[in-house]
Amino acid sequence: MTTHFPKNGSTWVDLKQQLEATKADDYAWKRGRLPLYVYWRDEELYQVARDAYSLFFIENGLGKLAFPSVQKLEREVIGMVLHLLQADEAAGGSFTAGGTESIFQAVKTARDHARAERPGIGRPRIVVPQSAHPAFNKASHYLNMDVVRIPLGADFRADVAAMERAVDDDTIMIVGSAPAYPHGVFDPIEDLARLAMAKGVWLHVDACVGGLLAPFVRRLGYDIPPFDFAVNGVTSISADLHKYGFAAKGASLILFHDAGLQKYQRFKFSDWPRGTYATDTFLGTRPAGPVASAWAVINYLGEEGYLNIARTIMATRAKFAEGIAAILGLEVIEPSDLSFLLYRSVDPELDINAIAEKMAERGWFVGRCTEPSAIHLMFNPVHATIVDEYLEDLASVVSHVRRSGRVGVLDENTY
Ligand SMILES: Cc1ncc(COP(=O)(O)O)c(C=O)c1O
């Protein structure tokens, strides 16, 4: 693994060329070949996100006293998203590096809150639907907690009655997603909120995907179930700015219906010779670029920009659904909400894994759902430009697989 520093430096022109060349084998995300990882509208929006990031490239979010600028931008972003998610004046939140860190903060805060409020509690556990993001297990692993995953209902949504049966005296949190990544469906947040209130436990809503998209899709008239702070009983929400917020990577929010809960997320330490060190979230040194990027993108797009993005995404989804349903042997899986679409084979002669492999050979990065075995798409505006190309490739791949009788391998390693 070891290699050495070059003896002498190179020119930036040369290095830039090398960096660009390194990308040669990456999937062509600007041409819509990725159904995840990248959220791309156009060069214009990219430039805003990138230039704002560059302006705050050096600043450090750890330095609250040194950089009131970062604090101000952060406060404004948190305030705007709290409003979008129908929080009231008592609410609060923190900027984090991503969905995983937001979820980690929710779990840690709920744990420390429960320890303070429920003396005698055993090893804390959280009860989540089977579709909840692995970040809940990751957080619980680090925090010495247990996670109980409950099988989904037939509609891929959380089975609230089964979750209720799993809540015991050591349960501190239940979780619903808005929407969950594997099938792209919203869990019944209102029912989960009723359960949380009845049992006196914390309800976290994972809106990492939906937080910055679902409110706008709802305003366009689509049926989006209640999932945010308008639902009484929702304690915290994670919402990613680096997904449908279109900010640079490294931008998410953990939001609390009551800012008073934030005292349980803080870490404070004085037992060393350099005074008190205190942070609200996991990171110490914290990039300010994502904060500036999120602030700039939100103000650049405004509600109108996000509504246009939402319109494009939903129209694109509808075109894909129609095109895929028209290909003999394929079926669009229902339900899926918001920007997701999953499809599978309903023809025993047509192996969905072989289709996935052939699509990948044609340069499409293929997302997989393993239960049920299906191809998984999550749209962003760039996909509006490749609908026909995708559908043509898919039709041709399907007829090839049918002719050849090819059988593929279910590659579970989807990341
Ligand atoms: C529903 C959901 N929650 C959490 C996450 C984790 O977000 P991140 O990858 O930013 O840590 C994801 C990522 O796709 C997600 O889809």
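Mentor: What follows goes through the pockets, then the ligand, then the cavities, and ends with some backbone details in the loops.

This is a predicted model, in which local features need pLDDT of at least 70 and side-chain atom pairs count only at pLDDT 80 or more, while totals for chains, interfaces and linings use all residues. Residues are numbered from 1 along each chain as its sequence is written, and side-chain values use heavy atoms, with hydrogens and water left out.

On a 1 Å grid over the protein atoms alone, a pocket is an open set of points with protein on both sides within 12 Å along at least five of seven lines, a cavity is a set of points where a 1.4 Å probe fits but cannot get out, and lining residues have an atom within 4 Å of a point. Grid points are joined across faces, edges and corners, and a volume is the space filled by probe spheres set on the points.

The largest pocket holds about 1100 Å³ of space. Its lining is made of 39 residues, and those closest to the centre are His133, Pro134, Tyr181, Pro182 and Tyr415. Two or more residues of this lining come from each of α4 (99-117), β12 (367-369) and β13 (374-378), where helices (H or I, at least four residues) and strands (E, at least two) are DSSP runs numbered from the N terminus. Because domain 1 (50-299) and domain 2 (304-404) both give residues to the lining, the largest pocket lies between them; the domain bounds come from an automatic or database domain assignment. By class, the lining of the largest pocket has 18 nonpolar, 13 polar and eight charged residues, where Ala, Val, Leu, Ile, Met, Phe, Trp, Tyr, Cys and Pro count as nonpolar, Asp, Glu, Lys and Arg as charged, and the others, Gly among them, as polar.

The second largest pocket has a volume of about 740 Å³, and of its 22 lining residues Trp29, Val38, Trp40, Tyr46 and Lys249 lie nearest the centre. That lining divides into 14 nonpolar, one polar and seven charged residues.

The ligand is surrounded by 13 residues, the closest being Gly99, Thr100, Asp206, His242 and Lys243, and a residue counts here if one of its heavy atoms lies within 4 Å of the molecule. Among the polar contacts (pairs of N or O atoms within 3.5 Å), a nitrogen atom of the ligand is 2.6 Å from an N or O atom in the side chain of Asp206, and an oxygen atom of the ligand lies 2.9 Å from a polar side-chain atom of Lys243.

The largest cavity has a volume of about 90 Å³, and among its 16 lining residues Pro35, Trp364, Phe365, Leu377 and Tyr390 are closest to the centre. β13 gives the most to this lining, with four residues. The second largest cavity holds about 30 Å³ and is lined by Phe95, Thr96, Ala97, Gly250, Leu283, Arg286, Pro287 and Pro290.

Finally, some backbone details: a cis peptide bond with omega of about 0° joins Glu371 and Pro372, and Pro372 is found in the loop between β12 and β13. Another cis peptide bond, with omega of about -5°, joins Ala178 and Pro179. Most peptide bonds are trans.

Technical notes:
A polar contact is a pair of N or O atoms within 3.5 Å; within protein, one must be able to donate a hydrogen and the other to accept it, and residues adjacent in sequence count only if both atoms are side-chain atoms.
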